Amino acid sequence: MILRLAADPPAEHRGHRVIDRRAWIIEEGDVRVGMIDVEIYDNRAAGLAFVVAPIHRGRGVARRALAAIATRLASDGVQKVFGGVETDSQASIRCIEAAGFTCRSRQPDAEGFVYLARQLSETVVEEVAEVEEVEEAPRVSGA
Ligand SMILES: CC(C)(COP(=O)(O)OP(=O)(O)OC[C@H]1O[C@@H](n2cnc3c(N)ncnc32)[C@H](O)[C@@H]1OP(=O)(O)O)[C@@H](O)C(=O)NCCC(=O)NCCS
């Protein structure tokens, strides 16, 4: 799936052009424990998808990684980030809510997804100061 997305990324999402696409491997020490894939759109919004390897779940990896990604995206000028989750996946919903995303409607769309979003613009100034010193490599520390 990663190869297909890299070779043939979608050009738009619901009327907004994709202007950038990034993927981060989540590492704890030297161990690769998960991945986050992000699309950035021409309206300063970003959509993300994430996965944590089954043996590393339930230890806060996704929550910390989502917080780190939100900080990074805010510093890059993204104002809103959202994620689509399937309504029958309590793990995804609880996880993304724990990272500060909220849902306006629990009504799934035609594909069975609900979208939860987090506004980033109000936190840009405070979070940029923390991130600029350490964030150069395209990598997320899960620790
Ligand atoms: C969803 C997923 C990323 C969670 O990763 P994780 O590292 O285990 O999540 P965390 O340990 O950071 O947990 C974050 C929150 O979600 C909750 N949570 C995690 N797994 C849960 C589960 N199976 N059932 C209920 N709640 C769960 C945790 O309790 C925690 O909430 P809290 O902070 O209020 O206690 C992981 O289960 C996964 O990869 N699933 C398959 C892919 C997927 O669904 N991706 C999301 C949509 S793109």
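A residue is buried if 20 or more other C-beta atoms lie within 10 Å of its own, exposed if 12 or fewer do, and partly exposed in between, with C-beta atoms placed from the backbone. The model here is predicted: local features need pLDDT of at least 70, side-chain atom pairs count only at pLDDT 80 or more, and totals for chains, interfaces and linings use all residues. Residues are numbered from 1 along each chain as its sequence is written.

Start with α2. Helices (H or I, at least four residues) and strands (E, at least two) are DSSP runs, numbered from the N terminus. Eleven of the 15 residues of α2 are buried, so the helix is mostly covered. Among them are Val61, Ala62, Leu66 and Arg72. From first C-alpha to last, α2 reaches 21 Å, close to the 21 Å expected at 1.5 Å a residue. That expected span is 1.5 Å times one less than the number of residues. Gly77 follows α2 and has a positive phi, near 95°.

Now turn to strand β7, residues 113–119. Its side chains alternate. Val114, Leu116 and Arg118 point to one face and are buried. Two strands pair if DSSP finds at least two bridges between them. β5 and β7 pair in the antiparallel sense over seven bridges. There, Leu116 is the bridge partner of Gly83. β6 and β7 also pair in the antiparallel sense, over two bridges. Thr102 has Ala117 as its bridge partner in β7.
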